[in-house]
Amino acid sequence: MSELSKRVVTALVLVVLVWGWYFNLPSPWFETVLALIGWGATCELILMMKLRSSSVYMVSSLVVWVVFLKSPQIAWLLLASLFWFATFVTVSRNREVSFGHFFAFIWLFSWIYLFALAISNTHDSAIGQGLVIGACLAVWVSDSAAYFVGRAIGKRKLCPAISPGKSIEGLVGGLVFAVPVALICWLTWDVLPFALAGLLAIVTVLAGVLGDLSESAVKRLAGVKDSGRWLPGHGGILDRIDAIIMAVPVAWLLWGVMA
């Protein structure tokens, strides 16, 4: 099977699985799958960053996600970060370890956790679901539009040191096509009035671009092309959710301020 065929088949399977999970799976199975996705992404990140004593990070992260399942709160993120820094300090007493790799792990894990927190807190209401669906659609449309606009007229690089393929023209094209998509979703679900929805759509699309760049920067630091191999043709879990792990929580937190 060619790489393109693998990519298409995996994408179709993922769409069906995510649709069934998000719209049809009742509680507590919905939250259980969410926690498993979070733990899978966390383990993938630990392995990608080649953290010393990785088993300690993996086992303790399982505890974090089990606790999240029982009581999803921001406090567990802070306590986990504190424990992992203590682990980092203990390991670095006898061996040289990279603080850059550790910090990159904490940075991306924080966004994975906030993403799960946003999904968990919005899933019970129709407006909350509309918020998440609008944010995800905006990010995916922005990603595709940026690619095609960038290929057609892209001349000025957006951030060549991190992602050489992205252009400023592509970013503008992504905003032009994605903002109306988010607006239509959020006005249909009555998430926010027009002006605030437009402002939130712009910030959400830009957050998605930063999420994409964050994962690219971390992969460059780790010296890998893909975050993992769990999804044939797509790489790892983080390669699929890199943009939305930043866009969805940003949209959720700002919506809480605006609504």
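Author: A nonpolar patch on the surface is formed by Phe85, Val89, Phe99, Phe103 and Trp107, which together have about 480 Å² of accessible area. The model is a predicted one, in which local features need pLDDT of at least 70 and side-chain atom pairs count only at pLDDT 80 or more, while totals for chains, interfaces and linings use all residues. Residues are numbered from 1 along each chain as its sequence is written, and side-chain values use heavy atoms, with hydrogens and water left out.

Patches are made of residues with over 30% relative accessible area and no salt bridge; like charges are joined within 9 Å, and nonpolar side chains (Val, Leu, Ile, Met, Phe, Trp, Tyr) within 5 Å. A salt bridge is a side-chain nitrogen of Lys or Arg within 4 Å of a carboxyl oxygen of Asp or Glu. Accessible areas come from the Shrake-Rupley method with a 1.4 Å probe, and for residues only the protein chains shown count as cover.

Helix H4 (74-92) and helix H5 (99-122) each supply at least two residues of the patch, and H5 gives the most, with 3 residues. Helices are DSSP runs (H or I, at least four residues), numbered from the N terminus. Trp107 lies in helix H5. With a relative accessible area of 35%, Trp107 is partly exposed, a class between buried (under 20%) and exposed (over 50%), again with a 1.4 Å probe and protein chains only.

Rings of Phe, Tyr and Trp (its six-membered ring) pair if their centres lie within 6.5 Å; planes under 30 degrees apart count as stacked, over 60 as edge-to-face and the rest as tilted. By this rule there are 23 aromatic pairs. In one of them, the rings of Trp84 and Phe109 have centres 4.9 Å apart and planes at 85°, so the pair is edge-to-face. Trp84 is buried, with a relative accessible area of 0%, and Phe109 is buried, with a relative accessible area of 0%.

The rings of Phe88 and Phe102 have centres 4.8 Å apart and planes at 25°, so that pair is stacked. Phe88 belongs to helix H4 and Phe102 to helix H5, so the pair ties together parts that are 14 residues apart in sequence. Phe88 is buried at 11% relative accessible area, and Phe102 is buried at 4%.
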